[in-house]
Amino acid sequence: MSSASENTNYWRSLEQLENTPRFEQFLHREFPEAASEAPTGLSRRRWMQLMGASFGLAAGASGCRVPEETIAPMAVRPENRVPGKPEKFASMLHVAGKVQPIVATSYDGRPIKVDGNALHAQGSGSDVFTQAAVLELYDPDRSRNVVQREGKERFSRDWNRFFAAWEDISATEGEKVAFLVGTYDSPSVKAQIDRLAERLPQAKWFRHDPIGRPRAESAVNQAFGSHLTPRYRLDGADVILLLDADFFGHESASGLQNLRDYSQRRAPEAGPMNRLFVVESHFTTSGLAADHRLPLETSRVASFVADLEARLESRLSGEVAGDADLGDALPLKPAEDADKREKFIASVVDDLVKHPGRSLVVGGPHLDEATQVRIWRINSRLENLGATVELIRRPSTERDTVGDLAELTQGLNSGQFETVVVLGGNPVYDAPGDVKFAEAYAKAAQRIFFGYYENETSRQSTWHLPEAHGLESWGDGIAADGSYCTAQPLIDPIFGGKSLVELLAQMAGEASLTGQDLVRQTAAQHLGTEMTEARWSKLLHDGFAVESQGEPVAVTLADDLQLSDVDQAAWRADRGDALEVNFRIGATYDGRYANNGWLQELPDPMTKVTWDNVLTVNPNTADKLGLKQDTLAKLTVAGQSVLMPVYLMPGLAAGTLGVTLGYGRSFAGMIGGNLDEQIDPVGVNVYPLRKSDALDLATDVKVEPTGTKYELATTQDHHAIDTLGLEEIGRRVGALVREGTVSEFEAHPDFAEHRVHHPPLESLWTEFSYDGHAWGMSIDMSKCVGCNACTIACQAENNVPIVGKEQVAKGREMHWIRVDRYFSGDFDEPHAVTQPVTCQHCENAPCEQVCPVAATVHSDEGLNDMVYNRCIGTRYCGNNCPYKVRRFNYLDYRAGDHQFEEANRELAQLVFNPEVTVRNRGVMEKCTYCVQRIQNTKIEARAERRPIGPNEVRTACQEACPAQAIEFGDLNNEESRVAANHENPRSYAMLAELNVKPRTKYLARIRNPHPWLAAEEDHSHGHGHHHDEAGGHDKDHDHNHDEKSRTEAEANS
Amino acid sequence: MHRFQFPRWINKFVPLLGGALAVVGAYGASMFLLASHPQTLNVGHAPKQPVPFSHKVHVGQLKMDCRYCHTTVEKAAHAAIPPTATCANCHTGQDASGSVAYAAVHSESLKLEPVRESIATGDPIPWKRVHDLADFAYFDHSAHVTRGVSCVSCHGRVDRMDVVTQVEPLTMSWCLDCHRNPDPHIRPLDKVTDLEWVAPEDPAVLGARLREEHNIHPSTNCSTCHR
């Protein structure tokens, strides 16, 4: 064992490779800083603001008796309403630029949880924004009134006052009126916009979405001569090539569906696996999922695509010329000593050619249009159109002629408009640097803004109109697949806001119809049927119109495509010192979720940074530029500069600098920043660096180190699992995350279990036996891409608090499920793997053995119960937990007395799930396997005198997982999926050698490398014995390994 | 002048003083514990309700079933306090035209004014909670009544109460007493709401048989009640 291969080198971060003191501290101390110190100075103030904004808890008046409570039953209870029993409603939310079909859970009339609508193709699982929507609903900072500003004065008005003012404005046929809309994707909104345009025929309409996909749309239009939308059929794709496309993330309109379909083919035992090649500049979740990943600057992807097309063409036309059997002849196999890039593209070409009609090439929406057209041409050449990608006609809700923000700015500057109506968005904040919208906006006499928060734009407007939350209003939308979805309110607007549909209708003079009437009208029109009561009920019940998705259109590539020549060698040539800046979506999307504490505290999937946006730089490039981790750098793009913290990101393309949009909000709220209240913005606003003609990419870039220290709150090195120190960590981590290739799996299906050899395990303790239920979990690492949906779902379900940046920096984040991310292999082009870690519910739990007050005890169903009331906060359990999954409430993260008056506190605490105890300061907590769901299912099943179904209990993380990587259930029920997974040969228990007998098993991650590149793969993920013992070891691998490893250990020592 | 000193014989009282302090301390502690025990504090709790609804009249004399009002008791965690509409099934007042339904009971009673007001305005009647468990204890009515645990086991003879009074301490040890030895408290399912019912045989023997029959295994895991 001591001769473990040096090549199995996993590492969590650069800090670890360099062995910095800070990492050492995290490594050796479960609690890096003592609990004694409370936050001081400004940080304390900031911390309390944060806590209060996300959670508030009324401290019950404590007398001798329990306080007297009132029960207020409804005067008339609606039929079938059972107090205290959660109800579920299908609806729809506009989340992060997408239409997301949802199922919302309502508890006594208040929504507390949002999940995907599994009946809809787009709704298996959900993303972090969907999960975090409920926190937004109860945000005390949300806008509450109609506000009128006159000069520096701010008045609260009511809607009537506004509409009276609007009547004056609209009396002129809208001659000097401009409307600015965002992306709305809603037929009802479109209908009301048309109505309003009819009333104000002279008004001009403009559209602004800081994160749009205009080039993707126009590329399709150019390639096929028609406005179509791609729909991917990944089940038929054996080979997938992603070109700078965040295919599973927020950039893709169908990210959730893509991820689910992709992951269906990542279990080697379930059928042939697909193979994923990724060429990308950033390190995204797609790159993490890739079998082969090539870091390449976005500006050089065009060259790669041109080269790829040329190579494909020559190979395919060679076939036509008679070289028919390409089979295993491998005529184009690169030489052994060919460089990596040559091998990579040769393998891609080889795979694509061999899978006509069963491959897929996808380009990112921010690639230039010609390249995207070229990618469509490649797909056409590979016969993928109609097979792995269909083009559907998705009903458009756009007006025919709309201007953009630059044109509006121009119009304002020339005095063309006296009234501007901004319907949503935040253009004053997110306008590109060369569009001076804020200055131009001030020139209009009437500036009307409609939005959910009072933000930067509201402050410069004469009127602010409060928007109702998506969970409070009627609405509809067109999902990515073209299907018609409806939204129904789960609660009345808490502060009398209006939905966009209602507002537009009323502005158009239609005041008599309710939101429901308006949507119902549109639904009838859109679906072309009479909306009878029965049809309407069915539509609302399902949340979308069944069979309304867009039908595939037979397409042929336009034959007059004029694509200019691109240098095919540029992508392999030396890039020199050229740098590019890539603007990407982060935790706050375009900035609209900046005041959402859950999202701000969510570690970025790759950098693991919370509460900041960073400038990501490849470590080698950083060396050359003199940039250091945790310092500020001055980033200058075309004359505009910002100071940003540097984050060294392995695997980033050498010439790429990555920045995240949506930070640096100066008037977001208590969480995201509010300069009026002396709350600093979170992160840095990089919108001013953008140019309106190149929103996603900038090449005129300069970056200089400043040497100023800046502390980032990353969760990356927190909870590093290690006991012996850095020299051991490579092998150790290799034991935690187990990876193999398809060939390894085929030769030894149970290779994962054999990665770690240990002597026979004997317990010092009397072991339990489990006759009833035995709850267990399985997590398939072949499917997980680290999207974090599980973390937020858990936070929403289990009342997990946020703690603020200072506390995260101390390692005190409270997430019950964390997603560990490890790098491995080559330093320049690392692989990454993610591993969600929750409490493993050990059968021989080390935490239970050290608790002096029996606050954590075992249940006879194998749950590791946590009894908050007994806990006295010794933290021995956390110290003794080998998985480091226990979280301690160092401070009262929910205290609300200091900063909120009663009303705000009451609002903020509506987000709590009443099924889960809210924990106090000084108490340990951790994942409970969603014990509230287990108990409720048990009670329900027993009351109905039936057994619990094999997969009936579903945990929050499982429900949220779009990749379906998490399974939960009863291990004693052989029909359950989790029991099958525990029997899966790929399964292994993390740290099984400690004999803690965890109830969560992981399924080893299997990669499917191309044979030409496989050698490299094996190299970096090899078995511990790969080099020295490969000969004798393999044959009797399966048996006697305990015995054998002991003798080995002796021999080696 | 000599400083005043206690004479030596006083010394023998010192240990006695220690003893006395210990006794006083023990007395104080036990009085405190006794006084603050739920048995003392909570049993007998009978708050004044906005409407002097008498269970004695409705259940004891009129023989109404518990589930006529507490409809959700077999389906949900809460045995919901009935909506005002349930009261108004009998206790309606005048309708808009000023006429009173023939079957209306006490349609002009002052004590029922809050009921009529609630029906008219739609505002709830603010009933006072009598049995109040801690928020971290998750008790489920349906789990108990569908297993043959009678209302009377926890709520006492409500059919004899004019004002509902807490009769059991509702402490954790009290819960556990039954979870550890449920037999005496299990009765046939059709007798669950029959508060007067007396077991025809030894309740423990009958309970044991029913427990076998209905596959009842009360759990004493912490997570059964604490989540």
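The largest cavity in this predicted model has a volume of about 1100 Å³. A cavity here is a set of points, on a 1 Å grid over the protein atoms alone, where a 1.4 Å probe fits but cannot get out; the volume is the space filled by probe spheres set on the points, which are joined across faces, edges and corners. The structure holds 14 cavities of 30 Å³ or more. The lining of the largest cavity, meaning residues with an atom within 4 Å of a point, comprises 48 residues, with His94(A), Gly424(A), Gly425(A), Glu467(A) and Arg592(A) nearest the centre. Elements giving two or more residues to this lining include α5 (133-137), α15 (427-430) and α18 (500-507) of chain A, while β3(A) gives the most, with four residues. Helices (H or I, at least four residues) and strands (E, at least two) are DSSP runs, numbered from the N terminus. By class, 21 lining residues are nonpolar, 17 polar and 10 charged, where Ala, Val, Leu, Ile, Met, Phe, Trp, Tyr, Cys and Pro count as nonpolar, Asp, Glu, Lys and Arg as charged, and the others, Gly among them, as polar.

Turning to helix packing, the axes of α19 (residues 515-527) and α20 (residues 533-542) of chain A come within 12 Å and cross at roughly 100°; axes are lines fitted to C-alpha atoms over the stretch in contact, with angles from 0 to 180 degrees between N-to-C directions. That makes α19(A) roughly perpendicular to α20(A), a label covering 65 to 115 degrees. In contact (heavy atoms within 4.5 Å) are Gln516(A), Val519(A), Arg520(A), Ala523(A) and Leu527(A) of α19(A) with Glu533(A), Trp536(A) and Leu539(A) of α20(A).

An open sheet of three strands runs in the order β10-β15-β21 (chain A), with antiparallel pairing; two strands pair if DSSP finds at least two bridges between them. Strands β10 (229-232) and β21 (552-553) of chain A stand at the edges with a single partner each, so one side of each has no neighbour in the sheet. Leu391(A) has Val553(A) in β21(A) as its bridge partner.

Residues are numbered from 1 along each chain as its sequence is written, and chains are lettered from A and ligands numbered from 1 in the order in which they are written. Local features need pLDDT of at least 70 and side-chain atom pairs count only at pLDDT 80 or more, whereas totals for chains, interfaces and linings use all residues; side-chain values use heavy atoms, leaving out hydrogens and water.

Definitions and conventions
On a 1 Å grid over the protein atoms alone, a cavity is a set of points where a 1.4 Å probe fits but cannot get out, and a pocket is an open set with protein on both sides within 12 Å along at least five of seven lines; lining residues have an atom within 4 Å of a point. Angles under 35 degrees count as roughly parallel, over 145 as roughly antiparallel, 65 to 115 as roughly perpendicular and the rest as oblique.
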